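Here is a friendly walk through one protein chain, from its overall build to a handful of individual residues. Have the sequence and the model open as you read.

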Amino acid sequence: MNNSEKSTVTEFVLLGFPGGQEMQIFLFSLFFGVYILTMMGNGTIVCAVRWDQRLHTPMYILLGNFAFLEIWYITSTVPSMLANILSETKTISFAGCFLQFYFFTSLGTTETYLLCVMAYDRYLAICRPLHYPTIVTLQLCYILMFLCWVFGFLSYSVSTVQLSQLSFCGPNIIDHFVCDIDPLMSLSCAPAPNTEIVFYILSSLIILLTLLYILGSYTLLLIAVLKVPSAAGRQKAFSTCGSHLTVVCLFFGALLAMYFSPTSDNPAELQKIITLFYSVVTPFLNPLIYSLRNKEMKAALKKVLR
């Protein structure tokens, strides 16, 4: 008898956030408002890049793709969270739980890859300005975006299948608002250290390697910018990179806090807060960060909104 045949759990219970009815209504209103604003903000950036000919450059096409990704990333968690808050049973099906886990992790992984490509674009634009137009063509830009999505969704496909094949005999209560690796592994009634080790090694490699690449790119970029003789030139260079670096710090900061600290040091409530930060707050802040620090983007957004 294999693991899947020994599983008796057909659904899981996502406890979500504690509190009485008034607190649940407040949380529903808060997250619903954040979700709508995030969809509108990122959707407006996508439309601005699509419709404004001045933004048909690699940097803005990457930004438009990033905003499109953020729409799907927040959609992988918030709608089910809102339904869970209103639900009395707070259940999610066995298949639905692992599908959510797969899309949640895959979209987050795609974001790390795309942030690397955006760092590569800024590095070439500032450190190799004469070669930039010939190296970073629109064709290369589309190829890199395609590869980010493909490898993002391939990275955890095997781990998700392995996780779903574990035996779950009960209990089926997950003290979280999303199906994630730690609560699912704790519910398995048969130890599976290999599955957990493979997942964490893969996660560690993806997070560390992409972060090191981005930091390396920005270190070289910073050295090049400091060599620019004019203050106006340095300010322009920093303005084009400041937004991206801010997003990198917010997103990777939360990931490092979540995956590079012992589970015992992360109680359930803290895990929820950290997960909320990189899965909900960061997509919400991205349109503000990019639009407030970029004159061309602000002009294009005004054009779209009119």
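## Overall build

Along its principal axes, the C-alpha trace spans about 65 × 40 × 35 Å.

Before going further, please keep in mind that this is a predicted model: local features need pLDDT of at least 70, side-chain atom pairs count only at pLDDT 80 or more, and totals for chains, interfaces and linings use all residues. Residues are numbered from 1 along each chain as its sequence is written, and side-chain values use heavy atoms, with hydrogens and water left out.

## Surface, contacts and charge

Buried residues make up 49% of the 306 in the chain. Buried means under 20% relative accessible area, exposed over 50%, and partly exposed in between, using a 1.4 Å probe and protein chains only. The chain exposes about 15,000 Å², and carbon and sulfur atoms supply 70% of that area, as computed by the Shrake-Rupley method with a 1.4 Å probe, where for residues only the protein chains shown count as cover.

Contact means heavy atoms within 4.5 Å. Among contacts with a separation of 6 or more, 81% are between residues 24 or more positions apart. As for charge, the mean positions of the 16 positive and 15 negative charges are 23 Å apart. Lys and Arg count as positive, Asp and Glu as negative, while His and the chain ends are not counted; each charge is placed at NZ of Lys, CZ of Arg, CG of Asp or CD of Glu.

The largest nonpolar core has 92 residues, of which F12, M81, L115, F252, Y259 and Y278 touch the most other members. Its largest share, 18 residues, comes from helix α5 (residues 94-127). Such a core is a set of buried Ala, Val, Leu, Ile, Met, Phe, Trp, Tyr and Cys residues joined through side-chain atoms within 4.5 Å. Beyond residues up to four places away in sequence, F252 touches T112, L115, I207, T210, L211 and I214.

Not counting residues up to four places away, M118 touches L62, L63, F66, H244 and Y290. G108 is also in α5, buried at 9%. Leaving aside neighbours within four places, G108 is in contact with Y73 and F251; the C-alpha atoms of G108 and F251 are 9.5 Å apart, though 143 residues separate them along the chain.

Is L208 buried, partly exposed or exposed? L208, in helix α10 (residues 193-226), is partly exposed, with a relative accessible area of 37%. T195 is in helix α10 too, but counts as buried at 13%. Not counting residues up to four places away, T195 touches Q162, L163 and L166.

Finally, visit K90 in the loop between α4 (78-86) and β2 (91-93). Phi of K90 is near 55°, a positive value in a residue other than glycine. K90 is buried, with a relative accessible area of 17%.

How values were computed. Helices (H or I, at least four residues) and strands (E, at least two) are DSSP runs, numbered from the N terminus.
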